[in-house]
Amino acid sequence: MIYYYLTISPVEALVASQLSPEEFGIYMATGSEKGNAEQLMFVEVAGGFGDYFDWSFAEKQCRTHSDGRPKHSLYLSIYRVLEHTPLENMKSLYLVTKDGRSLKIDKTEYTDQADWRGYALYKELCPVTPLVVSSLKPNYFGSYMVDSTDKVTVPALVFADVKVINLEDIENTGNVGHMYDRNTEHLKQCIADLQAGRGKKTKTVDRSFENTFSYQIIESGIYAANSSGVCAYPMPSKETLRKEYYEWGKSALIF
């Protein structure tokens, strides 16, 4: 059996593999070389759509080795993958820790957050990666970012809703890693500008935030958007993680 995976982070790619999602997560996160370890985010994809990707090449090349070992990975594309993948072909999302533990999150239809503070902090993940603050809810933000009538746009976007702490009490941030170690004054000013209603719907907080992103800072979930709409991958509550996915949560430094 051939699986297809759209890797979102650390790089955008479409990969064919004979490994199941959990096995693929372990292989890609920990690798075959001792000491190689990195966080990985990917979506399983139902393949065979369109003509941008060479599906016949995958069927010919993604085969079991002569000694019986499965084909671990066969790259089909490392460029403009997300924009050529329909939302309906995107299946479950997997958040993989550096030691290869996977959290599976099923795709759902978008629903509004229960509490809306009037703005949100979004970490764009693919194909661009800045940290931005926006006055738009996730569904409107996704639609706004892929609106081809705008001068600054992307054809598709995956982004995470990020935890916002009490910026007047930085010392008691809770478990958010190094999220608020820098640029807090700039963040405060960006939020103030949006709340003042000065016309802009989004403001860039940090253009080089990639190296400090962690699963600890995800709030409501992760979203995928293109011209057909927006879908959601809701993040389990901390209570659910503790009860059902404790080892993953511990590995992700949530506990």
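A: Leaving aside neighbours within four places in sequence, Leu93 is in contact (heavy atoms within 4.5 Å) with Ile8, Met41, Phe42, Val43, Leu103, Lys104, Ile105, Ile222 and Tyr233. The model is predicted, so local features need pLDDT of at least 70 and side-chain atom pairs count only at pLDDT 80 or more, while totals for chains, interfaces and linings use all residues. Residues are numbered from 1 along each chain as its sequence is written, and side-chain values use heavy atoms, with hydrogens and water left out.

Leu93 belongs to the largest nonpolar core, which has 52 residues. Such a core is a set of buried Ala, Val, Leu, Ile, Met, Phe, Trp, Tyr and Cys residues joined through side-chain atoms within 4.5 Å. Buried means under 20% relative accessible area, exposed over 50%, and partly exposed in between (1.4 Å probe, protein chains only). The members that touch the most other members are Ile8, Met41, Leu93, Leu95, Ile222, Met235 and Trp248. A second, separate core holds 15 residues, among them Ala120, Leu157, Ala225 and Val230.

Lys91 lies in strand S5 (residues 90-96); helices (H or I, at least four residues) and strands (E, at least two) are DSSP runs numbered from the N terminus. The side chain of Lys91 meets that of Glu44 in a salt bridge at 3.4 Å, N to O. This pair links distant parts of the chain, as Glu44 is in strand S3 (residues 40-45), 47 residues apart from Lys91. A salt bridge is a side-chain nitrogen of Lys or Arg within 4 Å of a carboxyl oxygen of Asp or Glu, and nine are counted by this rule. Side chains of opposite charge can pair when their charged atoms come close. Glu44 counts as buried because its relative accessibility is 11%, whereas Lys91, at 37%, is partly exposed.

Val230, named above in the second core, is also in contact with Asn139, as are Tyr110 and Asp112 when neighbours within four places in sequence are left aside. Asn139 stands in helix H3 (residues 138-145) and is buried because its relative accessible area is 17%. The side chains of Asn139 and Tyr110 make a polar contact at 3.3 Å. That term covers a pair of N or O atoms within 3.5 Å; within protein, one must be able to donate a hydrogen and the other to accept it, and residues adjacent in sequence count only if both atoms are side-chain atoms.

Asp112 takes part in a salt bridge with Lys137, the closest N and O atoms being 3.6 Å apart. These partners are 25 residues apart: Lys137 lies in the loop between strand S9 (131-134) and H3, and Asp112 in the loop between strand S7 (108-109) and strand S8 (120-126). Asp112 is partly exposed at 43%, and Lys137 is also partly exposed, at 25%.

In the loop between S8 and S9 stands Pro127, joined to Cys126 by a cis peptide bond with omega about 5°. Another cis peptide bond, with omega about 15°, joins Ser9 and Pro10; Pro10 is in the loop between strand S1 (3-9) and strand S2 (13-17). Most peptide bonds are trans.
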